[in-house]
Amino acid sequence: MTIPIPEDTPKWLSKATEPAADTSDTLTLARTLRRAMSLTATPRQAAVLVLFGGSPEADPAAPGGLPADAEVLLTQRAATMRQHRGQVAFPGGAVDPGDTGPIDTALREACEETGLEPSGVEPLAVLPKLFVPPSRFDVTPVVAYWRTPSEVGVVDESETERVVRVPLSALLDPANRFLVRGSLGYQSPAFQVDGMLVWGLTGGILAGIFKAAGWEREWDHKDVRDLETALADVGMTL
């Protein structure tokens, strides 16, 4: 679902509101499992905030007009968490009974996790749901522009280890991009930045948006690394 976008929304973000174009195993598997899951049970609902910040002015010399200061807000889950421990993710979480929809859920959870000021965030699109098997969540990505950035940081150390504003230039650097292969043989887009490995659903969503928005730079799609080894390289584990 695309939301009516104000005329002053950065043009470089216009195509980032389209459904992820990535065809990696990660997103394909998530969509397939969601269809299968819907036949046997009702998944739990969740939403994540895919929050991009940066200058409103596009850079005509850059792919997709991406400005040099463009960034995305990511979190790293605490190593003590029962599920997805230590993983890098977008801010977000489960739907609460009082939430009015995925945008409300994503903003509320982002505020609770990072201290984000919701009034400075401009939601742009609600992307199709993706199923996460370990937690049995149907996750709705909400793409937004950080029009008025606010101070962010770890709010609850028992849930979140880091809150990071990651430059898109670092994620798009071909030297930081590769694929990881899990023990079951599936592959996921991966990014190694700031001592973190971004992979799985988060990596798949980012890779899809980068491709759809025209921001992508040529990188080595044949560079496939073992997931556990790649995680160990940055001090992380499954």
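Let me start with Phe52, which is buried, with a relative accessible area of 0%. Please keep in mind that this is a predicted model.

What does Phe52 pair with? Its partner is Trp215, in an edge-to-face aromatic pair with 5.4 Å centre to centre and 85 degrees between the planes. Phe52 belongs to strand β1, residues 44-53, while Trp215 sits in the loop between α4 (200-213) and β12 (224-226), so the pair ties together parts that are 163 residues apart in sequence. Trp215 is buried as well, its relative accessible area being 1%.

Trp215 also forms an aromatic pair with Phe210. That one is tilted: the centres are 6.0 Å apart and the planes make 45 degrees. Phe210 is buried, and so is Trp215.

How many aromatic pairs are there in the whole structure? A search finds five. Ring pairs join Phe52, Phe210 and Trp215 with Trp12, Tyr145 and Phe191 into a cluster.

Now to charges over rings. Arg44 lies over the face of Phe137, 4.1 Å from the ring centre. In another place, Arg225 has its charged end over the ring of Phe178, at 3.8 Å from the centre.

Next, a backbone detail. Asp194 is not a glycine, yet its phi is positive, at about 50 degrees. Where is Asp194? You will find it in the loop between β10 (187-193) and β11 (196-198).

Last, confidence. The protein has a mean pLDDT of 88, and 87% of its residues reach 70 or more. Which helix has the lowest confidence? That is helix α1, residues 25-40, with a mean of 49. Confidence is highest in helix α3, residues 168-172, at 98. Over residues 30-37 pLDDT stays under 50, and for this stretch the model has 15 contacts beyond four places in sequence. Where pLDDT is low, the predicted coordinates should not be read in detail. When you turn the model on the screen, then, take helix α1 with its mean of 49 as the part where confidence is lowest.

That is all from me.

Definitions and conventions:
Residues numbered from 1 in each chain as written. Predicted model: local features only at pLDDT ≥ 70, side-chain atom pairs only at ≥ 80, totals over all residues. Heavy atoms only, no water. pLDDT = per-residue confidence, 0-100. Helix = DSSP H or I, 4+ residues; strand = E, 2+ residues; numbered from the N terminus. Contact = heavy atoms within 4.5 Å. Phe/Tyr/Trp six-rings, centres within 6.5 Å; stacked < 30°, edge-to-face > 60°. Buried < 20%, exposed > 50% of the residue type's maximum accessible area, 1.4 Å probe, protein only. Lys NZ or Arg CZ within 6 Å of the ring centre and 35° of its normal.
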